[in-house]
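Here is a short report on one protein chain. It goes from a local unit to the sheet, then to the core and a single helix residue.

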Amino acid sequence: MKNKEFFYLQYDKLKWENQEKTKINSFVNNYIIQNVISRKKSDIIRIFDIGFGIGFFLKMLEKNLSKSFKNIILEGCEPSYKNYKNFKSRPFNLNKVKLRTFNKTFLQTNTDTTFDFVTAIYVFPHFAPDELNATAEKINSMLNNEGKFILVVANEKYLEEKLKSKRDLFIEKNTLEFDGKKYKEILHYSEIPQIGTVIDYNREEKFYLDLFKKHGFDLDIRKDLNDNGFICTIYVFSKK
Ligand SMILES: C[S@@+](CC[C@H](N)C(=O)[O-])C[C@H]1O[C@@H](n2cnc3c(N)ncnc32)[C@H](O)[C@@H]1O
């Protein structure tokens, strides 16, 4: 078991800035922008990105949304000072976008804005088990009535197979208890090319479905995407 701070402090030792070279996650980000976010019919769009890293997704939003929306409000949080500083030190086109960022964990972040979309791209595997309930509740409270939550995690089965074939990636197996039920949770290493090795939690898919159902969400879309052999699952939940 790791403490909560570990999950963002580990980024001090990683080269997440190499995402600019490797473009890791751009396939998934594109899917989300083209198939979910850009489909919203409105002049205004408000998005909150949880754990934005070096702001790779925020930049893609800035570049791609100005065709579809007149008013773009982007907010996000990133607790790793190294990643946050990297984002803040590089140019961001503020001509068409209102941007607000927080160098804080998600649960420490406070904003009055209500959003059309909250996104969490490979961030839930960094939340400690005792933060998950409060995190889901907070996401619900930050969305407007038509709001949607977009969750991206590694595909559970793909990761399970990978951990069987590469046993040195396994750290520990836990049982997660939620709402009277028990779920499997595995703490493990993930090797990310040119970036480094991260520690993540892989949780049973059913856990996420039950967690968000309990917190007032319906599942709209569930999509597996194969990005160069790495399989992730994208979930789009809407408020009931
Ligand atoms: C795998 S990276 C993904 C970054 C970004 N979402 C992307 O797709 O490029 C996970 C990020 O989650 C951040 N993180 C870790 N714990 C967090 C927390 N409690 N609240 C918000 N972000 C967190 C890390 O600092 C890291 O930047």
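Strand β2, helix α5 and strand β3 form a β-α-β unit, and its hand is right-handed. The model is predicted.

**The unit and its helix**

The two strands of this unit, β2 and β3, pair in the parallel sense. Their pairing runs over six bridges.

Helix α5 covers residues 81-89. Asn83, Tyr84 and Phe87 are buried there. These residues sit on the same side of α5, because they cover an arc of only 100° around the axis. The general rule is that an α-helix has 3.6 residues a turn, so residues three or four places apart point the same way.

**The sheet**

Strand β2 also pairs with β1, in the parallel sense. Ile45 has Ile72 in β2 as its bridge partner.

| Strand pair | Sense | Bridges |
|---|---|---|
| β1 and β2 | parallel | seven bridges |
| β2 and β3 | parallel | six bridges |

Both pairs belong to an open sheet of seven strands. The strand order is β3-β2-β1-β4-β5-β10-β9, and the pairing across the sheet is mixed. Strands β3 (97-102) and β9 (217-227) are the edges, each pairing on one side only. From one strand to the next, the twist averages 15°.

**The core**

Which residues touch the most other members of the largest nonpolar core? They are Val118, Phe149, Ile150, Leu151, Val152 and Ile234, in a core of 49 residues. Strand β5 (residues 143-154) gives the most to this core, with six residues. In soluble globular proteins, nonpolar side chains tend to be buried together.

Ile150 shows how the chain comes together here. Leaving aside neighbours within four places in sequence, Ile150 is in contact with Ile32, Val36, Phe117, Thr119, Ile234 and Val236.

**A residue in α4**

Met60 lies in helix α4, which spans residues 56-65. Is Met60 buried, exposed or partly exposed? Met60 is partly exposed, because 16 other C-beta atoms lie within 10 Å.

With neighbours within four places in sequence set aside, Met60 is in contact with Asn29 and Ile33. Leu219 is 159 residues from Met60 along the chain, and their C-alpha atoms are separated by 25 Å.

How values were computed: Residues numbered from 1 in each chain as written. Predicted model: local features only at pLDDT ≥ 70, side-chain atom pairs only at ≥ 80, totals over all residues. Pairing = 2+ DSSP bridges. Helix = DSSP H or I, 4+ residues; strand = E, 2+ residues; numbered from the N terminus. Axes fitted to C-alpha atoms, helices over the stretch in contact; angles between N-to-C directions. Buried ≥ 20, exposed ≤ 12 C-beta atoms within 10 Å, placed from the backbone. Arc of directions from axis to C-beta. Core = buried A, V, L, I, M, F, W, Y, C linked by C-beta atoms within 7 Å. Contact = placed C-beta atoms within 7 Å. Right-handed = clockwise from strand over helix to strand, strands pointing away.
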